[in-house]
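Trainee: I am new to this structure. Please take one part of it and go through that part closely.

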Amino acid sequence: MRTSTTSAGERLTPMHVCLLFDGRFSTDERARSHAVALHEAGHTITVVCRGASHDRDRETIDGIDVRRLPDETLYAGLKGKLDGVRYALQMVNPAWLRAVEEIADERAIDACGVTDLRLVKTGLRVGDAHDVPVIADLPGNTPALERRRNRTEGWLDRFRNPRALARRLFHSPWRQGRLETGPLDGVDRLVTTCEEARARYVRAVGVDPERVSVVHDTTSALDTFETSGHVDRGLGFDPEAAFVVTAFANGPFDTDLERVVTAAARAADEVANLQLVLVGDLDRETTDALETQARRELAGGRVTFRTEIDPDRLPTYVVASDVCVFPTHPSPVAETAIPPTLFRALATGVPVVTTDVGPASRIVGEADAGRVIPTNDRESLTAALVALADPETAAEHGANGRRAVESRYDAERDASRLASIYESLSWTVIDEEGSDAETVSDRRTARTGGSTAP
């Protein structure tokens, strides 16, 4: 078992952290990386999350204890319906509270982490009941994410899906905004994904800046992939023989793939072996329209679509690329979020082209890892693709991106930062005779007050 020491030389024992997540643990990269970072720091982690019908109610995944609440029975029967009513009215979920109590009966909880705004009040209830700190790990703008979700879901679809209908009625953007300006002020620490998101929580939401920390989404994204010796990675062509431009439209972003197709077609006049790959969770109508446009503007066979996104396949698309494009439109979501594949591209040494929107443009610009272009500017995108077709230019920008990852956006550094946040709030100090002397959480201020964070 790992132990650590304070600056005064005191020995510290690992914590038992209970993480609350209103989703499936296996499909959320941020939640998984959060749990893995704490586990690799030597702590015991128990996750309470939703489960599909084929999932086991309890299993150990890479040393992490995962407890699942099955979707099909979560709100079934009289007790389930009463739970649903209480959750809808009070935003405190009884099913998660019961699961936490069962966990605490097995082993005392030292800290509670929440990775969903809808469970913040539930996490605070756990904190009060067990006198432990509560840490919320949230995206930059949850209400804006919910508004975007509402735009993509029709009312007919919601009536066919009771869970989607309940979400629309009881977890509206307005209500999630109320959670931000109310209960969120009660957490001991708020963790978010980038500096722009932190600024929003401080300025727009009013969270004490001393209690807001940034941990980038680098923990599970910075795998190392060799970029030489490409093979056909299911693209239908040999990436080694082509100049591969891959545009990513995955994640909660509004993107402009039509302009990417047009710019790629113009760039292909000068870069004869250009191949365009479009990766994203696109609907059938959008895909059909893009295919029609590509047939009209690009020579046959020079555009490839990958619209069913398997997260495990994303690294292969990055490795096969000579340039990664993130054609993001301005939006409240994009202002405080980073495209999920950006750090992967930088770590792999692939130059990046991004629009001048949000933190992605700042990161690429500061690192000189590619080109930052104006939104809706086909000419600038065309020029960027042609410029990056030059091997020396591409190699220079790719190397800059790798250096930025190694010096600032490093996976181990972000994992250590997350662990230190928990440890600053709730470590047990061992005296020289080996007995518990006190906890660091005894030294911290009340949950509604300041912070002992570094």
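Mentor: Begin with strand 11, residues 243-248, and strand 14, residues 323-326, which pair in the parallel sense over three bridges.

Six strands form an open sheet with parallel pairing, and their order is 13-12-11-14-15-16. Strand 13 (303-306) and strand 16 (370-373) are at the edges; each has a single partner strand, so one side of each has no neighbour in the sheet. On average, neighbouring strands here are turned by 20° against each other, direction ignored. In general, side chains of a regular strand alternate between the two faces of the sheet.

Confidence should be kept in view. Among the elements of the protein, strand 16 has the highest mean pLDDT, 97, while helix 19 (residues 440-443) has the lowest, 42. The protein as a whole averages 83, and 81% of the residues score at least 70. Over residues 428-454 pLDDT stays under 50, although the model has 64 contacts there beyond four places in sequence. Residues 5-9 also stay under 50, with four such contacts. Where pLDDT is low, the predicted coordinates should not be read in detail.

Definitions and conventions
Residues are numbered from 1 along each chain as its sequence is written. This is a predicted model: local features need pLDDT of at least 70, side-chain atom pairs count only at pLDDT 80 or more; totals for chains, interfaces and linings use all residues. Side-chain values use heavy atoms; hydrogens and water are left out. Two strands pair if DSSP finds at least two bridges between them. Helices (H or I, at least four residues) and strands (E, at least two) are DSSP runs, numbered from the N terminus. Axes are lines fitted to C-alpha atoms, for helices over the stretch in contact, and angles run from 0 to 180 degrees between N-to-C directions. pLDDT is the predictor's confidence in each residue, from 0 to 100. Contact means heavy atoms within 4.5 Å.
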